[in-house]
Amino acid sequence: MTEQKKSWLILLAFWLLLLVLASLRPLAVPDEGRYGEIGRWMLLSGDWLTPRLNGIPFFHKPPYLYWLEALSVAALGANELALRLVPALHAGLMLSALYLAARHISTEVIARRAVIMLGSSLGFLVGGQYVNHDMLVATWIGLAIWAFAFAFMAGDKPHATLARLGFLACALGMLSKGLIGIALPGLVMLVWLLWTRQFRKVLYLPWFSGLALFCAVALPWFVLAQRTYPNFFNYMFVGQQFNRYTAASYNNPQPWWFYLLALMLLLFPWVFFALGQLRRVTTTTLATAIGMPEAWWRLCWAWVLAILVFFSVPNSKLVGYILPVIPALALLAALGWQRSMAHRATAGRVFAGIVLLNVGLALVLVLKVGDVTRASRTQDIAGALACAVAPTDTVYVSDAYPYDLPFYAQTSKPLVVLENWPLLRQQVGDGWQRELFEGADFDAQAAQALQPLDVLARVAATPGHWLVTHNGSALTHHLPGWTLYHRGAGWSIYRSGGTLVDDSAAKRPEPAEHKGLPGCKDQRQK
């Protein structure tokens, strides 16, 4: 077996491990419930233009993730693995691109080590299966950087085909998560070209064909969305991108050093070998020690530091935002290991031990997360609800929005969300309520899913209505006409038109689409 085939088999093994881990845990809320359900709903509704959460337009992010989720669910069914296959495929693409690039600019040994370091990290094994936009945009940002860098390093003028691939990757990055799909590759390239004194080559990029390709791929959806919803551009680009970057009023405020800690976790402990690269060395010593031209070494550091500084500026920070730097950091870690550890007699055993430790940590996280988050999820009541609700019934929710319930219950129409919406519009900050009522402003018909709390009293005597709310909710202390139907770890189901001793629901026929499902006989809480 050739060394290259061995490297590809190792890469494949890590990707298959990622898929195994992805199949072992329930959806996390809110993110995976939110973004996974939007993809399922897109397939169910047939509306491929408008991402919808609970039937309500959701324009926080572009639709690339949802399109792929809808296709995956159509092929594999509505399950967690179908959703997680989308970020997992992109994580595999990121890993493959790292290997191909590292093999070209360094050695087979360095490239394989970088793949193993990234593939055994929590950033890959956990971040690579998490259902949101972060791994998708991180992958396309990385591919854009690699493509443009190889184009610029091809000679006195950029390689046209590679540069066009960079423009294409930027287009897919923009469709993944908006303007950062362009801004971050551009920022990294700017810093690197100035640092390596290659900026004049920018004039020779295939601007006409590259921008034409970018526009053909990235712009049609944005143009159609703006034509359909006149306030779309202002909402997505000003409200959800510029304001989130510059304002201090959004969720998840963190200190400036947050991403330093995040990288230590995402690439533990390999990141410390990357930091070892910061020790002062001469150009000659560096090139001799690692067998890689200085320009590529500078690219990796420009890649890491530019994006790290970019995301450290905003007040709001999330771990997944920093994923775009992990390919470059893994390559730097592989170089650092080569300098500090490769010559030691115990290096192989230490390396294998760290890999096994990381895989074990990922497995523990995946297996334990379901127990830790049980009370926040609705998976344990979704089956009971799906079995009980007829197609004409209405399901109400209150206290919070159960992001994973529509996906697990396979609902075919929106839930009715009960709140004091006029008051919330004046008082609520960045949260699930704002997601819903701001989206409802785009579609008056979809806005009917947001109703006042007094609806419960009006429908209490009529069968065919269901209420899902948190256990112990103050709302359920005085609900005449509503009966507890099923209680889960954190959420409960109530039904209308009955009393605690009313057995009529037990004789009610099962909805046709749920007949034959296990556990669909009578799941009432007595």
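The largest cavity in this predicted model has a volume of about 40 Å³, where a cavity is a set of points on a 1 Å grid over the protein atoms alone at which a 1.4 Å probe fits but cannot get out, and the volume is the space filled by probe spheres set on those points. Its lining, meaning residues with an atom within 4 Å of a point, includes Met 94, Leu 98, Trp 146 and Pro 327. Helix α7 (134–152) gives the most to that lining, with 5 residues; helices here are DSSP runs of H or I with at least four residues, and strands are runs of E with at least two.

A word on conventions: residues are numbered from 1 along each chain as its sequence is written. Because the model is predicted, local features need pLDDT of at least 70 and side-chain atom pairs count only at pLDDT 80 or more, while totals for chains, interfaces and linings use all residues, and side-chain values use heavy atoms, with hydrogens and water left out.

Let me turn to the sheet, which is open and has 6 strands in the order β5-β4-β3-β6-β8-β7, with mixed pairing, two strands being paired if DSSP finds at least two bridges between them. β5 (450–451) and β7 stand at the edges with a single partner each, so one side of each lacks a neighbour in the sheet.

How values were computed
On a 1 Å grid over the protein atoms alone, a cavity is a set of points where a 1.4 Å probe fits but cannot get out, and a pocket is an open set with protein on both sides within 12 Å along at least five of seven lines; lining residues have an atom within 4 Å of a point.
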